[in-house]
Amino acid sequence: MTALKILRYPHKDLRKTALEVSSFDEKLAQTIQDMVTKMYLVRGWGLAATQIGILSRFFVMDISSEQNQPLCCVNPQIIASEGQIESEEDCLSLPGLYLTIVRAKQITLQYQDVNGNQHTQTFEGLSACCIQHEIDHLNGKLIIDHLSNLKRTRLMKKYEKMKMQSHCGDSACGHDHSHDHMHDHDHHSHVS
Ligand code: NI
């Protein structure tokens with residue numbers, strides 16, 4: 001497999017809107033397979049193509065505890081949403097940052113699989129939040145964009161200071177980065 005590198009804030013590609021996928025070829029299948037492998041390697045719950053610098057509309061996701069139920073959604077579109085839920089999230093592109101944001105509690109998603117077949121499926125709770133997080137990525141949106149301007153400016157100042165003080169910028173380096181975490185609440189879970 002090719003070595004995928006996850007882009008990190010403030011990489012400018014994370015702010016771009018991804019384009020619709022039109023060819024369901026071998027290259028797409030291979031990329032999706034590589035992304036699933038990478039997602040498991042870094043113990044994420046989801047990974048959007050945007051995060052590896054591919055500006056196409058697809059993401060992979062797996063919230064199962066055994067990490068053996070990968071879902072891949074190409075050209076995902078939320079066609080209905082209902083309710084609200086507080087979602088505790090982090091992001092592989094913003095390592096060390098944990099936020100509580102409000103998302104729709106239930107969504108109906110229309111998407112294509114790796115072969116281009118159409119699906120419509122309803123998701124709720126954690127899976128619904130994870131999907132909304134990944135679709136945000138495809139639209140150039142990050143978890144920090146769910147905060148007010150004032151709160152975001154303050155938080156990112158602290159975040160950048162924390163990153164500068166951190167002895168290395170790569171959480172995959174094997175060192176203990178547990179002291180490098182920032183929370184806007186007391187507990188957290190891992191989204192992507
Ligand atoms: Ni993310």
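**Figure 1. Salt bridge between Asp136 and Arg103 in the predicted model.** The closest N and O atoms of Asp136 and Arg103 are 3.0 Å apart. Asp136 belongs to helix H2 and Arg103 to strand E5, so this pair ties together parts that are 33 residues apart in sequence. Both Asp136 and Arg103 are buried.

**Figure 2. Salt bridge between Arg103 and Glu89.** Here the closest N and O atoms are 2.7 Å apart. Glu89 is buried, as is Arg103. Because Arg103 lies in strand E5 (residues 97-103) and Glu89 in strand E4 (residues 85-89), the pair ties together parts that are 14 residues apart in sequence. Glu89, Arg103 and Asp136 are linked in a network of salt bridges.

**Figure 3. Salt bridge between Asp145 and Arg15.** The side chains of these two residues meet at 2.6 Å, N to O. Asp145 is placed in the loop between helix H2 (126-138) and helix H3 (149-165), and Arg15 in the segment before H1, so the contact ties together parts that are 130 residues apart in sequence. Asp145 is partly exposed, at 23% relative accessibility. Arg15 is likewise partly exposed, with a relative accessible area of 39%. In the whole structure, four salt bridges are found.

**Figure 4. Lining of the second largest pocket.** This pocket holds about 180 Å³ of space. Its lining includes Glu20, Asp25, Lys27, Ile54 and Phe58. Helix H1 (residues 26-41) gives the most to this lining, with three residues. By class, four lining residues are nonpolar, four are polar and three are charged.

Key. Residues numbered from 1 in each chain as written. Predicted model: local features only at pLDDT ≥ 70, side-chain atom pairs only at ≥ 80, totals over all residues. Heavy atoms only, no water. 1 Å grid on protein atoms, 1.4 Å probe; cavity = no way out; pocket = protein on both sides within 12 Å on 5 of 7 lines; lining within 4 Å. Points joined across faces, edges and corners; volume = space filled by probe spheres on them. Helix = DSSP H or I, 4+ residues; strand = E, 2+ residues; numbered from the N terminus. Nonpolar A, V, L, I, M, F, W, Y, C, P; charged D, E, K, R; others polar. Buried < 20%, exposed > 50% of the residue type's maximum accessible area, 1.4 Å probe, protein only.
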